[in-house]
Amino acid sequence: MTDRPAPPERPAVRVTVAQLQVGTDREANLVAARDALRTAARVRADVAVLPEYASAYDPRGVGVDLAEPLDGPFVTMLRTEARRGGCAVLAGTTLPGGEPGPDGRPRAVNAVVGVDATGEVVGAYRKVHLYDAFGHRESERLAPGPVDAAPLVLDVAGLRLGVLTCYDLRFPESARRLVDAGADVLVVPAAWVAGDLKAMQWRTLAVARAIESTAAVVAVGQAGRGVVGRSLVVGPDGVVGLELDETPQVRTVDVDAAGIAAVRERVPSLAHRRYAVVPRG
């Protein structure tokens, strides 16, 4: 009987979690995001994750007045810093060009932009599930992304990172679709609105998505007025390895690729599935 060769070691991916406080001052937001990306570069992160609406945010609602195109100042800065630091970036922004609403007024698009370590934009996920809940009406200002668009999955240092955002976290089929596209890690930029039980629900849903998908979850929230903050990184077994409070801060953790593979081998629930996820209009 011959010994099998040892499998190649799968590296850890270094992730910088940038829990930023964001307002309507675009220049101040850009500086805060740039500082976070430079922090990520100093610690040799493979990827930095910024929250939903990192370019500009108004807790009363975000619309076309806070939107800017992919070649605007914010995404241009993301590309410059990614290239300079050799660090991929996932960041929430607001894009113009959404279809008009029922009242005929123009709407924007809530998006997460993916930039690779060379500074190239590799994709933009346009939020499918708009936050028409808890008394909010995101759809009055924003148009949803197409439900049949290809998932945004970014290859980073041996792992595949799939993107959803904020309210999407309440829809397990969104996570399943990303896993079907090869995601090992679910990245969730958010501006999770504060309120009764909201912080508990944010944490519970992030842990649930990790366990059911046997995937790591990197859930990055905004800090500040009207949002919960409380970013967290969850292992595929549901263990929370990093959890922040409500204040702005930037932290870096390593996500273990071998650990994800080990959990998936021990708990092959993805292979045991009997139902598929299909888009619904």
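Predicted model: local features only at pLDDT ≥ 70, side-chain atom pairs only at ≥ 80, totals over all residues.

User: What kinds of residues make up the lining of the second largest pocket?

Analyst: The lining divides into ten nonpolar, three polar and nine charged residues. As for space, the second largest pocket holds about 270 Å³.

User: And how much space lies in the largest pocket?

Analyst: About 580 Å³. It has 25 lining residues, and Val128, His129, Val147, Ser174 and Arg177 are the closest to its centre.

User: Which elements give two or more residues to the lining of the largest pocket?

Analyst: Those are β5 (121–126) and α3 (172–180). The largest share, four residues, comes from α3. By type, the lining of the largest pocket has 16 nonpolar, four polar and five charged residues.

User: Let's stay with α3. Which of its residues are buried?

Analyst: In α3 the buried ones are Ser174, Ala175, Arg176, Leu178 and Val179. The elements that these buried residues pack against are β6, β7, β8 (185–190), α4 (198–213) and α5 (257–266). Just after α3 comes Gly182, with a positive phi of about 100 degrees.

User: You mentioned β6 and β7. In what sense do they pair?

Analyst: In the antiparallel sense, over four bridges, with β6 at residues 153–156 and β7 at residues 159–163.

User: How many residues lie between β6 and β7?

Analyst: Two, and the pair of strands forms a hairpin. In its turn, Ala157 has a positive phi of about 50 degrees.

User: Now β8. Is Val185 buried or exposed?

Analyst: Val185, which is found in strand β8, counts as buried because its relative accessibility is 4%, and buried means under 20%.

User: What is Val185 in contact with?

Analyst: Leaving aside neighbours within four places in sequence, Val185 is in contact with Leu159, Arg160, Leu161, Gly162, Ala216, Val218, Val255 and Ile260. Val218 is 33 residues away from Val185 along the chain, and their C-alpha atoms are separated by 7.2 Å.

User: What does Glu243 touch?

Analyst: Not counting residues up to four places away in sequence, Glu243 touches Arg203, Ser231 and Leu232. Thr204 is 39 residues from Glu243 in sequence and 12 Å from it in space, C-alpha to C-alpha.

User: Last topic, the largest nonpolar core. Which residues touch the most other members?

Analyst: Leu50, Tyr57, Phe74, Leu78 and Val89, in a core of 37 residues. The elements giving two or more residues to this core are α1 (26–42), α2 (73–85), β3 (88–98) and β4 (107–115).

Methods: Residues numbered from 1 in each chain as written. Heavy atoms only, no water. Core = buried A, V, L, I, M, F, W, Y, C linked by side-chain atoms within 4.5 Å. Buried < 20%, exposed > 50% of the residue type's maximum accessible area, 1.4 Å probe, protein only. Pairing = 2+ DSSP bridges. 1 Å grid on protein atoms, 1.4 Å probe; cavity = no way out; pocket = protein on both sides within 12 Å on 5 of 7 lines; lining within 4 Å. Points joined across faces, edges and corners; volume = space filled by probe spheres on them. Nonpolar A, V, L, I, M, F, W, Y, C, P; charged D, E, K, R; others polar. Contact = heavy atoms within 4.5 Å.
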